[in-house]
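Here are my notes on the model, point by point. Please read them with the coordinates open.

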Amino acid sequence: MTDREGDSDHPFSEGEGFGDDYDEFDLDPPELGVDPSKVDPVDSRVVTDTLDRHNIDSEEVDASELLDVGLNYMQINRFEQATEAFERTASFAGDDLLEQEAWTNKGVAHAELEEYDEAIGAYREALQIDSESEHAATAETNLAYALWEFGETAQALEHAERAVEIDERFAEGWFNRAFFLSERGLAEEALHCVDNAIRLGMRNSQVLEEKAEILEELGEYDEAEEIAEEANAMRERAEQRVMEEREEMAGQQAGGGRPPNREDVEITDPGRASEPESDDEWQLE
């Protein structure tokens, strides 16, 4: 056995160690670009988010895939996870349009959670990026709804009007404007707006019910009753199709087979002014 204590001239015993520029074995934590005085101690995500930006090269992140993750969370009603996915999408987005889309969707997710203050903030972030883009009208009309729920009714109408100024072919914008005008007792203007939404292709039970209520306010009871009956029939047909789809899916799970085509199923969602179901274009009067 070699006596190493006597090996005073061992070639590694008098090394100078690593120089200052050698960082690979540095045990000190990385410097985080965060002002501690501006960090909310309750915000458990601040360190995670900062480390994400510190450790991940934005070029290595596909922000569009992150956006899809958030949209998939929305489809399965995992809205809290969706807000986080959309926030990360915005932080890694390489272009303004994608970042704006992420903020807009983040607002929708917060609204689904009834977190209207956070939704308002997200929509405002989206509009700060570009107030005239293809996503701006959506951000404006959803901001109007969030403000309405938050009790800011005057501002809500202003943003609903701004939505149709940005895109006069935006059916959801006309429908939301009709809703807010009707709530303020401006039935004639509301009727014009809801008719525009219908002409733009947004003809569903929710829109027809709103039109029936407006017609009642105007004293047009016969037409209101006719429209209400059409809305009820449309809702019943939609509910029947949903039931048939569920039965078909149950049968396929039991015996196998091709899943149904969801494009063939009309699903109505009765209750939100900012989230009507149809979207496309037409020509205004």
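1. Glutamate 161 pairs with arginine 177 in a salt bridge, with the closest N and O atoms 3.8 Å apart. The term covers a side-chain nitrogen of Lys or Arg within 4 Å of a carboxyl oxygen of Asp or Glu. This pair links distant parts of the chain: glutamate 161 sits in helix α7, arginine 177 in helix α8, 16 residues apart. Helices here are DSSP runs (H or I, at least four residues), numbered from the N terminus. Glutamate 161 is partly exposed at 25% relative accessibility. Arginine 177 is buried, at 19%. The cut-offs are under 20% relative accessible area for buried, over 50% for exposed, and partly exposed in between (1.4 Å probe, protein chains only).

2. A word on the basis. This is a predicted model: local features need pLDDT of at least 70, side-chain atom pairs count only at pLDDT 80 or more, and totals for chains, interfaces and linings use all residues. Residues are numbered from 1 along each chain as its sequence is written, and side-chain values use heavy atoms, with hydrogens and water left out.

3. How many salt bridges does the rule give? The count comes to eight. Side chains of opposite charge can pair when their charged atoms come close.

4. Arginine 162 and glutamate 140 form another salt bridge, at 3.9 Å from N to O. Arginine 162 belongs to helix α7 (residues 153-166) and glutamate 140 to helix α6, so the bridge ties together parts 22 residues apart in sequence. Arginine 162 is partly exposed, with a relative accessible area of 23%. Glutamate 140 is buried, at 5%. Both residues also belong to a network: salt bridges that share partners join Glu132, Glu140, Arg162 and Glu165.

5. Lysine 106 bridges to glutamate 87, with the closest N and O atoms 3.9 Å apart. Lysine 106 is in helix α4 (residues 96-112) and glutamate 87 in helix α3 (residues 79-92), 19 residues apart. Is lysine 106 buried or exposed? Lysine 106 is buried, at 10% relative accessible area. Glutamate 87 is partly exposed, at 25%.

6. Asparagine 105 also lies in helix α4. Its relative accessible area is 16%, so asparagine 105 is buried. Leaving out residues up to four places away in sequence, asparagine 105 touches Leu67, Leu71 and Phe86. Contact means heavy atoms within 4.5 Å.

7. Now the core. The largest nonpolar core has 61 residues; Met74, Tyr123, Phe180 and Val194 touch the most other members. Helix α6 (residues 136-149) gives the most to this core, with nine residues. Such a core is a set of buried Ala, Val, Leu, Ile, Met, Phe, Trp, Tyr and Cys residues joined through side-chain atoms within 4.5 Å. In soluble globular proteins, nonpolar side chains tend to be buried together.

8. Which residues does tyrosine 123 contact, beyond its neighbours within four places in sequence? They are Thr104, Gly107, Val108, Ala111, Ala139, Asn142, Leu143 and Ala146.

9. Last, a helix pair. The axes of α8 (residues 171-183) and α10 (residues 205-217) come within 11 Å and cross at roughly 35 degrees. Axes are lines fitted to C-alpha atoms, for helices over the stretch in contact, and angles run from 0 to 180 degrees between N-to-C directions. From α8, the contact uses Phe175, Ala178, Phe179 and Ser182; from α10, Gln206, Val207, Glu210, Ile214 and Glu217.

Conventions: Helix = DSSP H or I, 4+ residues; strand = E, 2+ residues; numbered from the N terminus.
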